[in-house]
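Biologist: Hi! Could you walk me through this one?
Modeller: Happy to, here it is.

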Amino acid sequence: MKKDTETQHGRANRRGDELVLPILSLLFAIYYLYTIKDLAWEAKINGLLIGSVLILLVLIFLIKIGIEVTRHQSSLRFGELFAWGRAQASRIGLFGLAVLYVLVIPYAGYTLTTCLFLFLAMFVLGVRSPVKLIGVSLALSLTGYYLFIALLDTRFPPGPVEKLFGMLF
Amino acid sequence: MEFTFEFLSSLFTASLSQWYVIVPAIVIGLIIGAIPGLGPANSLIILLPFTLVLNVETAMAFMVALYCSARMGAGIPAILVNIPGTAGAAATPFDGYPMSQKGLAQRALTLSFVASALGGLIASIFSIFALPLLSRVGYYFHSVEMVVVMLFGLTLIAVVSTGNTLKGLIAGVFGLLVGAIGPDHIYSAPRATFGFLELYDGVPVVAALIGVFAISEALLMTEVKSIVTDVGKVHMATQTRWAETIIGVRMAFKRWWHIVWTSFIGLGVGVVPGAGAPIAAFVAYQQSRLFSKTPEKYGTGHPEGILAPESANNGVTSGSLIPLLTLGVPGGSTAAIMLIVIQYHGITLGPRIFLDRPEFPYGVLMAMVVTYLFMVGTILPLARYMSRVTLVPTQFLAPAIISFTLVGAFAPRMYMFDMGLALVFGVIGYIARKTGYQVSAILIGVILGPYIEQYFMRALRIAEGNPMVLFSSRIGNILWVFLVLSLVAPPLIGWYKKRKADHASL
């Protein structure tokens with residue numbers, strides 16, 4: 001029957017993806033309500049109201065999807081969100097590099113980390129020309145240094161480049 | 001005080017003579033407005049020593065020019081790369097970005113610039129003449145009314161931003177609960193902080209903005225080689241010259257009435273302390289669509305979908321300064337910094353200033369008028385060149401967006417944690433975008449969450465814990481009715497239209 005539903009309605013009616021955010025919201029609402037359970041009423045009334053409304057809305061949504069599934073109008077299978085492909089691999093690579101970027105900045109400073117991040121991220125996204133990889137990474141990271149650190153005084157932990165520029169200028 | 005033509009013309013001349021601070025402030029404002037996270041408030045704090053050494057009129061002209069141009073600048077990335085510079089421009093991408101994808105970025109930018117400048121100009125001129133009247137609006141909005149105004153705004157966003165009201169509401173209320181992370185307003189008891197000390201002050205709005213808009217957009221960009229479609233590229237290659245700017249100007253002026261009334265929405269919302277540009281932009285967008293003859297075109301790259309939010313969020317600028325100028329009460333963080341500078345120069349704001357020094361409050365608004373006039377000449381010619389950003393391959397654009405916007409997440413509080421938090425919001429935003437939940441609704445929820453709680457708790461304390469206080473005010477009750485109508489009307493209208501169409505086809 002499941003297979004019939006799939007062939008009948010195609011990938012467009014796969015509703016699994018749409019459930020991810022409501023489920024996350026539901027879990028967060030439960031966690032929120034758990035953290036306020038011992039607080040004074042003034043501290044919890046707002047969270048209690050908003051959390052309850054959120055849970056109610058999610059339940060209505062789940063019931064709506066449940067009805068559609070039982071009527072074979074849609075299925076609970078996942079669609080594009082978790083589908084594997086070249087774009088998904090690039091996306092995961094890019095996000096992984098972004099996480100590394102945030103972790104490395106405190107040690108290597110903004111300018112050097114940004115240069116390395118841009119180089120690797122562009123490589124992951126398919127840029128292969130060494131001139132473009134090096135040129136764009138250097139140009140953007142130095143622009144970032146000038147704009148954010150030199151002009152706008154954003155106080156990132158200093159790395160070797162910031163220390164060198166600090167000595168020179 | 002005599003409100004004569006001579007008085008106004010002397011103010012205008014005095015403001016014109018401040019061009020040497022207004023023009024640089026416009027350039028700085030456009031840049032910082034266009035970079036998510038670097039709002040006017042942060043920049044004014046950095047430039048505070050500079051403003052303190054100037055005389056107070058010049059300092060105010062500089063700050064007002066920077067404030068107005070930052071508001072206009074926020075629409076630029078919203079149109080070009082689907083990332084609003086500030087939350088006030090969160091409704092602009094709905095129609096701005098689809099136009100960019102069609103290769104019409106230059107036209108979309110022109111529409112945005114003309115709407116911003118005209119909207120801001122109209123609102124500031126009106127404010128000059130109606131300053132005493134507008135200053136009274138704030139008196140009618142107390143805690144109860146503010147709670148309803150904010151819920152109304154959130155509901156509108158949920159209804160406007162998606163075809164599916166239920167999904168819009170889930171996104172908005174989820175945002176509200178995220179915005180309620182952190183200390184409560186009575187005991188400062190931390191709530192839902194996941195054990196992170198950095199969340200004990202609540203969720204930083206800028207990190208949320210950058211995450212749900214910029215990071216998620218960068219992650220989505222990996223699916224395409226260019227923002228612009230192939231058809232759009234052909235259009236840009238063959239037709240995009242100065243003509244596109246002229247077409248945009250013509251389109252905007254042809255819809256001048258649209259700009260006028262949406263700027264008044266912005267002014268009205270701006271006068272109410274705490275409501276702000278995001279609500280104004282969404283209310284204007286929703287009203288524009290409601291009264292449009294072609295509502296189905298909204299969200300597909302409709303010019304009026306750009307004009308309405310941009311005109312409204314620039315109408316807010318003069319409105320938000322009115323409580324400051326008339327009562328000495330800052331309506332937001334930028335106004336609070338202005339207040340510091342004004343007080344440093346020994347000026348006390350309040351009703352007496354209209355007797356003692358009337359040229360000061362009117363002069364500030366006149367500086368705004370002059371700023372908007374200057375802005376048209378400064379920025380319109382740039383639309384052609386800015387639109388080329390959309391042709392940059394996403395292989396370069398996505399990494400650049402991540403590295404530049406994460407700085408914006410770090411800048412306000414200088415916590416590395418906030419950059420990580422922006423990435424978490426990026427994943428939430430990515431999931432939301434891929435599955436049809438509007439990220440604007442999440443963001444506006446995060447912004448309004450703390451405000452709603454603050455006003456709600458104040459109302460409850462005044463009423464000694466009686467929740468019926470929320471229905472105790474006439475204005476509040478009228479707003480409740482509108483709130484319910486805004487939720488019920490769209491499905492009813494849709495049902496009615498469908499029924500009518502069915503009958504016609506029979």
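Modeller: One term before we start: buried means under 20% relative accessible area, exposed over 50%, and partly exposed in between, with a 1.4 Å probe and protein chains only. This is a predicted model, so local features need pLDDT of at least 70 and side-chain atom pairs count only at pLDDT 80 or more, while totals for chains, interfaces and linings use all residues; side-chain values use heavy atoms, without hydrogens and water. Residues are numbered from 1 along each chain as its sequence is written, with chains lettered from A and ligands numbered from 1 in the order in which they are written.

Biologist: Thanks! Is A:Ser90 buried or exposed?
Modeller: A:Ser90 counts as buried because its relative accessibility is 15%. A:Ser90 lies in helix H4 (residues 86-108) of chain A; helices are DSSP runs of H or I with at least four residues, strands are E runs of at least two, and both are numbered from the N terminus.

Biologist: And what is A:Ser90 in contact with?
Modeller: Leaving aside neighbours within four places in sequence, A:Ser90 contacts A:Val124, A:Leu125 and B:Thr222, where contact means heavy atoms within 4.5 Å.

Biologist: Nice. Which residues touch the most other members of the largest nonpolar core?
Modeller: They are A:Tyr110, A:Phe156, B:Leu406, B:Met419 and B:Ile442, in a core of 139 residues. Such a core is a set of buried Ala, Val, Leu, Ile, Met, Phe, Trp, Tyr and Cys residues joined through side-chain atoms within 4.5 Å. Helix H23 (residues 439-462) of chain B gives the most to this core, with 14 residues.

Biologist: What about A:Phe156, what does that one contact?
Modeller: Outside four places in sequence, the contacts of A:Phe156 include A:Tyr110, B:Phe410 and B:Met419. There is also a second, separate core of 80 residues, with B:Leu121 and B:Tyr372 among them.

Biologist: Switching to chain B overall: how many helices and strands?
Modeller: Chain B has 24 helices and two strands. Its radius of gyration is 22 Å, close to the 23 Å that the globule rule gives for 506 residues, so chain B is as compact as a globular protein of that length. The radius is taken over C-alpha atoms, and the rule is 2.2 Å times the number of residues to the power 0.38.

Biologist: How much of chain B is buried?
Modeller: Buried residues make up 62% of the 506 in chain B.

Biologist: Last one: what is the mean pLDDT of chain B?
Modeller: The mean is 86, and 97% of the residues of chain B reach 70 or more; pLDDT is the predictor's confidence in each residue, from 0 to 100.
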